[in-house]
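Here are a few notes to read alongside the model.

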Amino acid sequence: MLAAWYERQGAAAEVLEVGEMAAPAPGPGEARVRVILSGVNPGDTKKRLGWLGSSMPFPRVIPHSDAAGIIDAVGEGVDAAHVGHRVWVYGAQSYRAFGTAAHFTVVPAELAVELPDEVSDETGACLGIPGITAHRCLFADGPVDAKTVLVQGVLGGVGALAAQLAAWGGATVIGTVTRTSDLERVDSAVEHAVALDQPQPAEAIRAHAPQGVDRIIEVAFSENADLDAAVAANDGVIAAYATRRDRPEFPFWPMLFANLTIRLFGSDDFPLAAKRQAAAELTAAAREGALRIPVGNPLPLDRIAEAHDRVDAGARERVLLAIPS
């Protein structure tokens, strides 16, 4: 099969290779997916770079955890009726060497989730890492119906899906962007958008949530801790999945007196039941047309280094690779 891989960490153009290798065969409990589109996420490029001192987990890594494709073979214990079904894939390169930047990927069968006819391959290839993360941040503390949710960084991959899932779940959604010029890009799932470059963003958020916000989905905890404390409702939850500084300061006493819960989320190690629930509900929301994901024109596999560089440069649209059949 045709695949892309790296055998050492470093800059995309220096370490990524494309070539032929043996196609994998599914083992017991596994499904083999013929990949149509491979999704590229910041987590994939960070692994390739050796972010936070991480080392090569395997001698050769085929990157990317997310994809859309078709099941073409199954292993022992998996119903053969699944062969030929369209699926979206998540977690392919989580604790495994070979991800989705290849003609075929083999995953535990439950990580290949049936993709409804109403949902495009492009959307399916974008659901994995950002969708599972958004869902867990949003619903780890129960339903959001009739609650007010603040999504910090609502234009990001996780933030946009968190806002759409929150609206789908019955919440009132407030979203923040970095600059006033970005407000026009905010999705309709966000009832109230606030730019952080205005003089008093906390007052602007409180104007839409006088009693405070019940849940905060946080992409930059180190930068937004004071703002989060200023707008959170009593007994609110800050669900943080990223930070710019790894040792952030935060206002302890205001958060304590508000009885806030701070949750930290890393997608590779979510509980299995949470991943299953997220996959099912992401599929349902996508089927109902609740998820709208801006996607750029897919790049061919042999331009994978360019795709990684686009992600690292903060591409506004999701970056996909088209895998030749």
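1. Strand β3 (residues 30–40) is joined to strand β15 (residues 319–322) by four bridges, and the two run antiparallel; Val40 stands opposite Val319 in β15. Strands here are DSSP runs of E with at least two residues, helices are runs of H or I with at least four, and both are numbered from the N terminus. Two strands pair if DSSP finds at least two bridges between them.

2. A word on the basis: this is a predicted model, where local features need pLDDT of at least 70, side-chain atom pairs count only at pLDDT 80 or more, and totals for chains, interfaces and linings use all residues. Residues are numbered from 1 along each chain as its sequence is written, and side-chain values use heavy atoms, leaving out hydrogens and water.

3. β3 has other antiparallel partners too. Eight bridges join β3 to β4 (residues 66–74), with Val33 opposite Ile71. Five bridges join β3 to β6 (residues 104–108), where Arg32 faces Val106.

4. Why is β3 largely enclosed by the rest of the structure? Eight of its eleven residues are buried (under 20% relative accessible area; exposed is over 50%, partly exposed in between; 1.4 Å probe, protein chains only).

5. Helix α4 (residues 128–139) has twelve residues and reaches 16 Å from first C-alpha to last, close to the 16 Å expected (1.5 Å times one less than its number of residues). Ten of the twelve are buried, among them Pro130, His135 and Phe139.
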